[in-house]
Amino acid sequence: MEFRNKRILVLGAGISGRSVAGVLAGQGGLVTLNDVKEIDIQKAEFQQLQKLGVRLVFGHQRETLLEGVDYIVLSPGISIYIPLIQAARKQNITVMSEIEVAYQLCEAPMIAITGTNGKTTTTTLTGEMLKAADKAVVVGGNIGLALSHEVMGVDHAGIVVAEISSFQLESIIDFKPRIAAILNLTPDHIDRHHTMDEYQRTKERIFVNQTDSEYLILNYDDVVVRTMAERAASQILFFSITTELQSGAFVKEGIMQIRWQGQTHPICSVAEMKLLGRHNVENALAACCAAFLMGVNTATMSAVLQHFTGVEHRIEPVSTIDGVTYYNDSKATNPESSIKALESFAGHVILIAGGRDKNTDLTEFMTLVKEKVDHFIVLGEAKERFSSSAQRCGVTNIHQAASMEEAVHLAHQLAHEPQVVLLSPACASYDMFTNYEERGRVFKQLVCRLS
Ligand code: ADP
């Protein structure tokens, strides 16, 4: 696809939108960057965009923006259902997501990873395995700078590993990753995709352009994901923690292994892996499939798995004080994620939870709290509902804290070996923090001050 001299309207002026606008202008595109909100851009960045000839139109999204436009590029946060896109479709203007631009500009083979949960962990882990095998790797997508910006830094000899959200798949055109992976599919973002069927169809677009020259990695244990194989032209590798497979990665007698073209290659034992939790075994198996297809040997995969402790804010070990390890799982912004975290420990957890309540059912979460948690420290707006729900489920040792500082100090007073302290809030962070990252960082600072 040619961008030179094309009139391109980029919608959404967040980090990603600004970044892709700059990239397209650099390719000779005649770019307008639009946002319905007034966006405050730092002076240096503003000057840089102006130098590239990017026209900025903020504060409205009127149809006049479509005049003469050849392509519309959507930032990941922009829905295809907004009126301007409906109008653009009527005028036969080509609409594409930012990852389509990345794909068009990328010289390197791409590994694209999607799913409801585990994308960041699997993408990062795959990147680590490729780096350990001395490949030139770019890891990106979904967060931070636009993927289209990142891919400019790698040529055909490199590899791009990208985390892809379903929103970005809504408007791809030619996007065809060398390797695609779908980790799992649970109801999420249904508000934007309207129905589960539509959400599934959107995720399946990750392999829609693949042929039998490309590969598709699918979760065998997720029935919905497993059956996607029937609709793919790609070569399939499954991964499973429960079933021995003919093609793909699985666990047998505690050993992770990969089988491909009739040959079986042991990787390492689950017990040797640093990452905690069953869900992370799934992520590791998916990463091993992708790395294997890119020529990484199993010894290298094993070495990475024995060192990789995870991504920041996801059951991240912070420090061990007097035999008690503190974990930051601030990314757990709903009970399902905190359930995954609790399942990762044998028991004896001092759990810090609470924040902005999402008012979802807590029964399953509290049942697990009763089983695994020695002391339950609650804070934030959710503290009353969490306390009473815990009481109803028979949880004892419930403590209310007025701040994160108080929660950490209390945990420190209560905790003794072999207990662990886990921040896994099961809530959003906005009642006390800007976002979950800030919450996690504050927790880590407080923990580090203890030691
Ligand atoms: P994403 O990028 O898709 O949000 P992350 O790797 O950031 O995923 O993990 C976010 C949370 O999702 C984790 O804290 C954990 O609770 C949960 N999770 C991670 N991997 C899986 C998985 N394979 N299956 C189910 N839940 C998972």
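Modeller: Two strands pair if DSSP finds at least two bridges between them. The model is predicted.

Biologist: What makes β17 and β18 a pair?

Modeller: Five bridges connect β17 and β18, in the parallel sense. The criterion asks for at least two bridges, so the two strands count as paired.

Biologist: How do you know that β20 pairs with β16 and with β17?

Modeller: The same criterion is applied to each. β16 (residues 324–328) and β20 share four bridges and are parallel; Y326 stands opposite V421 there. Strand β17 (residues 349–353) is also joined to β20 by four bridges and runs parallel to it, with V349 bridged to V420. Since at least two bridges are required, both pairings qualify.

Biologist: Which residues of β20 point one way, which the other way, and are they buried or exposed?

Modeller: In β20 (residues 420–423), V420 and L422 point one way, while V421 and L423 point the other way. All of these are buried, which means that each has under 20% relative accessible area. In a regular strand the side chains alternate between the two faces of the sheet.

Biologist: What makes strand β18 mostly covered?

Modeller: Five of the six residues of β18 (residues 373–378) are buried.

Biologist: Why is the peptide bond from E417 to P418 called cis?

Modeller: Omega of that bond is near 10°. P418 itself belongs to the loop between α16 (404–414) and β20. Most residues other than glycine have a negative phi, and most peptide bonds are trans.

Biologist: What is phi of N92, and why is N92 called exposed?

Modeller: Phi of N92 is near 60°, a positive value in a residue other than glycine. N92 is located in the loop between α3 (83–90) and β5 (94–97). Its relative accessible area is 69%; the label requires over 50%, so N92 is exposed.

Biologist: Why is E253 called exposed?

Modeller: The relative accessibility of E253 is 76%. As the label requires over 50%, E253 therefore counts as exposed. E253 is in the loop between β12 (248–252) and β13 (255–260), and its phi, near 50°, is positive in a residue other than glycine.

Biologist: How do you know that the ligand lies between two domains?

Modeller: Domain 2 (100–305) and domain 3 (316–450) both give residues to the shell around the ligand, so the ligand lies between them. Of the 16 residues around the ligand, T120, T121, N283, R314 and K331 come nearest. The helices α5 (119–132), α11 (278–293) and α13 (335–343) each supply at least two residues of the shell.

Biologist: How many shell residues are nonpolar, polar and charged?

Modeller: The shell holds no nonpolar residues, nine polar ones and seven charged ones.

How values were computed:
Residues are numbered from 1 along each chain as its sequence is written. This is a predicted model: local features need pLDDT of at least 70, side-chain atom pairs count only at pLDDT 80 or more; totals for chains, interfaces and linings use all residues. Side-chain values use heavy atoms; hydrogens and water are left out. A residue is near a molecule or strand if one of its heavy atoms lies within 4 Å of it. Ala, Val, Leu, Ile, Met, Phe, Trp, Tyr, Cys and Pro count as nonpolar, Asp, Glu, Lys and Arg as charged, and the others, Gly among them, as polar. Domain bounds come from an automatic or database domain assignment. Buried means under 20% relative accessible area, exposed over 50%, partly exposed in between (1.4 Å probe, protein chains only).
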